[in-house]
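I opened my notebook for another look at a two-chain complex. Here are my entries, in the order I made them.

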Amino acid sequence: MSRRKKIKIIKGGFMKTISNLFHPSSKNNHKPRILHTEAIFYFILIVLASFTLLKTIKFFPGIGQTILGYASNITPEDVILQTNEVRASSGLGGLTLSDELSQAALAKGQDMFADQYWSHTAPDGTEPWSFIEASGYKYKVAGENLARDFMNTSDMVSAWMASPTHKANLMNSKFQEIGIAVIDGKLNGFETTLVVQMFGTPGVKTQVAVAPKTTEKVAVEEVLGDEEVIMEESIPVIEDMVSPMTFRESVLMTPLQLTKAFFLAVIVLVVMTLVYDTFVVGSKKAAHVVNKNIGHLMVFGAVAFMLIFFKGGMVN
Amino acid sequence: MKSEILKHKLAYGFLLVALISFVFGFFAVWPNRAYQQILIVSFSIFYFVWGLMTHVKSRRLTQQVFMEYLATSLLAGVLLFLVTL
């Protein structure tokens with residue numbers, strides 16, 4: 001068989017496959033193969049497998065750092081500015097920056113990366129107040145807000161404001177000072193940006209600490225009464241802090257962006273086929289198929305909209 | 001297509017209202033991921049039941065229709081659920 005004939009056969013086979021996948025005809029029971037139930041189940045399997053693969057990329061440090069990093073433009077200055085803006089909008093006074101609280105926030109962030117946790121309380125039971133006390137800050141009221149994976153400050157502050165317990169900290173009239181740490185590092189295998197926001201009011205008479213709780217999502221007051229606070233001698237080391245720009249400059253896309261892009265590609269493929277099928281079958285007046293397509297199109301349209309506008313980031 | 005929508009305007013109207021409520025609710029509960037996931041599962045189940053009900057009403061419910069709505073609801077739910085993890 002000549003080479004030209006072989007190419008012709010391959011081309012013909014390829015076109016038949018494409019037609020079978022996308023064009024409704026008697027060969028695919030008048031429904032594009034992509035819209036067959038088995039094909040939709042295959043899509044589900046592919047999506048699940050891809051997502052699992054993405055989660056395992058953390059075991060390949062090279063890929064993890066150069067492709068799937070986290071790019072955020074959050075700065076401590078912006079966080080303080082926007083925190084004071086939301087407070088001012090409710091008639092509350094602005095918070096002033098405390099170096100000790102910032103040092104405590106940094107120590108907390110470093111501890112989360114070192115021990116790989118994302119919580120107000122460390123796995124060994126260390127509470128946020130330990131970091132504040134270790135920084136030398138003597139408080140009568142203190143609080144902590146945490147955030148991760150946000151692209152910008154306004155989204156992060158909006159998320160805190162949308163959560164009643166975090167909002168309670170932001171809008172607490174008892175707080176006078178603030179400390180912020182924005183730290184890039186690796187948490188559970190992925191580069192991320194952690195933001196630790198610590199609030200406080202200097203004083204020694206009564207130690208009251210406030211923080212949103214991880215599980216119950218309610219503000220909890222931990223009253224220490226008149227007990228004397230024991231100050232730890234060790235001051236958190238800050239020279240190991242990872243420069244925020246180290247990862248931000250080398251990032252190609254975030255895991256969330258990659259996930260969204262892939263999922264949207266799946267939806268676009270299904271939606272385009274549904275639209276094509278609707279027009280082809282519609283012109284043949286086969287109403288029963290069109291009927292189902294309209295519902296599917298509405299649902300996948302909504303899913304695409306939600307994927308596009310889905311905001312990453314988590315608060316704690 | 002237009003005639004199909006007009007013919008089943010009540011069913012599509014109901015689906016549209018549910019979709020708008022779902023989308024609005026999904027963004028309204030942000031950043032609470034647990035609530036978003038509950039909404040996603042609820043909507044997947046709703047769409048599956050909606051599909052079956054509309055076909056029961058028109059007496060065209062077959063195993064193929066059942067499987068098609070199951071697969072479509074699952075795909076939509078899985079895509080949204082995974083992105084919230």
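This is a predicted model: local features need pLDDT of at least 70, side-chain atom pairs count only at pLDDT 80 or more; totals for chains, interfaces and linings use all residues.

**Entry 1: a loop residue in chain A**

Is Asp149(A) buried or exposed, going by its C-beta neighbours inside 10 Å? I counted 22 C-beta neighbours inside 10 Å for Asp149(A), and because the cut-off for burial is 20 or more, Asp149(A) counts as buried. I found Asp149(A) in the loop between β2 (139-148) and α7 (153-162) of chain A. Its phi is near 70 degrees, a positive value in a residue other than glycine.

**Entry 2: another positive phi in chain A**

Next I went to Gln116(A), which is not a glycine and has a positive phi of about 55 degrees. Gln116(A) sits in the loop between α5 (99-115) and α6 (128-134) of chain A. Is Gln116(A) buried or exposed? I got 12 C-beta neighbours inside 10 Å, so Gln116(A) counts as exposed.

**Entry 3: chain A as a whole**

I looked up the make-up of chain A and found 11 helices and 7 strands. Of its 316 residues, 36% count as buried. I also checked the contacts between residues at least 6 apart in sequence, and 78% of those in chain A join residues at least 24 apart.

Then I picked Arg3(A), which belongs to helix α1 (residues 3-22) of chain A. Arg3(A) has 7 other C-beta atoms within 10 Å and is therefore exposed. How many Å separate the C-alpha atoms of Arg3(A) and Val182(A)? I read 62 Å, for two residues that are 179 apart along the chain.

**Entry 4: chain B in outline**

On to chain B, where I found 4 helices and 0 strands, in the order α-α-α-α along the sequence. The C-alpha trace of chain B spans about 40 × 25 × 20 Å along its principal axes. Chain B has 85 residues, of which 27% count as buried. For contacts in chain B with a separation of 6 or more, residues 24 or more positions apart account for 51%. I noted the confidence too: chain B has a mean pLDDT of 90, with 99% of its residues at 70 or more.

**Entry 5: α2 and α3 of chain B**

At what angle do α2(B) and α3(B) pack? I read about 175 degrees, with the axes 10 Å apart. The angle is over 145 degrees, so α2(B) and α3(B) are roughly antiparallel to each other. From α2(B), the contact is made by Ala11(B), Leu15(B), Ala18(B), Phe22(B), Gly25(B) and Phe26(B). From α3(B), I listed Gln36(B), Leu39(B), Phe43(B), Phe46(B), Trp50(B) and Thr54(B). Sorted by class, this contact has 9 nonpolar, 3 polar and no charged residues.

In the loop between α2 and α3 of chain B I came to Pro31(B). The peptide bond from Trp30(B) to Pro31(B) is cis, with omega near 10 degrees.

After α3(B) comes Arg59(B), with a positive phi near 55 degrees.

**Entry 6: where the chains meet**

How many residues of chain B are in contact with chain A? I have 28 from chain B, in contact with 39 residues of chain A. On the chain B side, α1 (2-7), α2 (9-28), α3 (33-57) and α4 (63-83) each supply at least two residues. The most come from α4(B), which gives 13. By class, the chain B side divides into 21 nonpolar, 3 polar and 4 charged residues.

That sent me to α4(B) itself. The end C-alpha atoms of α4(B) are 30 Å apart, in agreement with the 30 Å that its 21 residues should span at 1.5 Å a residue. Among the buried residues of α4(B) I noted Glu68(B), Tyr69(B), Leu75(B), Val78(B) and Leu80(B).

Last, I wrote down the predictor's scores for the complex: an ipTM of 0.93 and a pTM of 0.73.

Notes
Residues are numbered from 1 along each chain as its sequence is written. Chains are lettered from A and ligands numbered from 1 in the order in which they are written. Two residues are in contact if their C-beta atoms, placed from the backbone, lie within 7 Å. Ala, Val, Leu, Ile, Met, Phe, Trp, Tyr, Cys and Pro count as nonpolar, Asp, Glu, Lys and Arg as charged, and the others, Gly among them, as polar. pLDDT is the predictor's confidence in each residue, from 0 to 100. Axes are lines fitted to C-alpha atoms, for helices over the stretch in contact, and angles run from 0 to 180 degrees between N-to-C directions. Angles under 35 degrees count as roughly parallel, over 145 as roughly antiparallel, 65 to 115 as roughly perpendicular and the rest as oblique. The expected span of a helix is 1.5 Å times one less than its number of residues.
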